[in-house]
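Biologist: I am new to this structure and would like to go through some of its side-chain contacts. Could you show it to me?

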Amino acid sequence: MKRIFLLLVLLMAGTAASAQDAPLIPERETVVVDNFTGVPNLTLGLYQYARQSVIDGLARRRINVIDVEQDGYGRADIVYPSFKFATANTGHPFDVNRVVRLMNDYSQARWYMTGYISHINSHPVEHQSKDKEGNPVVKTDFTAEIEVEIYIYDAETQNSEGPLRWKYTYTGAPDPAYAEQHAISNLSQRARSFVTDQFRFKASVIKLGEYNRRGKLQDLYLSCGSDMDVTNGDVFYIYSVSSINGIETTHKLGKVKAREITGRESCRCTVSNGEAEIDKAFKAGELLVAVSDYDRYF
């Protein structure tokens, strides 16, 4: 229900003054990533690798990332005994005064993020089998688990969300270090998926494309491209937005998938469904809004 509400808010915001000859051009959100904290058994090397994996994943998808460590704010102690204390006394598992200071210093940013590496462990796993002669054979490999609790704060609404628990298990490694490294590296993909889901954006249908032999719309163009890191496979839902007596209403028309990035603010998408509805609405001069989706597959 929360995701549906956020999607509707995104869709409705700022559409009243738009028209098809003034397309919606999405802009990147900016996120301040603070120091992470972690459990006592976390080494400095693993801590740094885990945090950097998250930052790398964030930076690869449609947002600007500010790393406070690179701007001289320094690395916090990776062991954070006051973690639960902060939650009990402020309602937030982070230093609220620090957040206010950071967001004042980075006035261009709306979002704040921090993480707590709450669990990391590796252990051997024995696999028993038999050789050709029927003799028992024991093979040992290693499994590693990691869990990171992500917390985000919206400076515009002053609302926070978390913990968002990112868990991953890597199995079949030849040694503990290999297992831990590969478990941590998965955090980059989790961060990318998080951005795709959390930071959706809207654009306009700016042009219809080709039709097939049966007269069915095959593709269209949207007002978003390389500036928003749109890549082949990204999915968008197409809505018709109209106003009745000053009240805006929306109607879902179909679904499209990015196939070619044609510029900084444009891309070509193939139409998966709703071809006739999109074609008719566009030719009738209706305002068509595309909302990015978290699902990259039809």
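Biologist: Which side chain makes a polar contact with the side chain of E149?
Modeller: That of Y151, at 2.8 Å; a polar contact is a pair of N or O atoms within 3.5 Å, where within protein one must be able to donate a hydrogen and the other to accept it, and residues adjacent in sequence count only if both atoms are side-chain atoms. Please note that this is a predicted model, in which local features need pLDDT of at least 70, side-chain atom pairs count only at pLDDT 80 or more, and totals for chains, interfaces and linings use all residues. Residues are numbered from 1 along each chain as its sequence is written, and side-chain values use heavy atoms, with hydrogens and water left out.

Biologist: Is E149 buried or exposed?
Modeller: E149 is buried, at 9% relative accessibility (buried means under 20% relative accessible area, exposed over 50%, partly exposed in between, with a 1.4 Å probe and protein chains only).

Biologist: Which residue meets E149 in a salt bridge?
Modeller: R165, at 3.8 Å from N to O; a salt bridge is a side-chain nitrogen of Lys or Arg within 4 Å of a carboxyl oxygen of Asp or Glu. R165 lies in strand 6 and E149 in strand 5, so the pair ties together parts 16 residues apart in sequence (strands are DSSP runs of E, at least two residues, and helices of H or I, at least four, numbered from the N terminus).

Biologist: How many salt bridges does the whole structure have?
Modeller: A search finds 16. One of them joins R28 and D229 at 3.0 Å, N to O.
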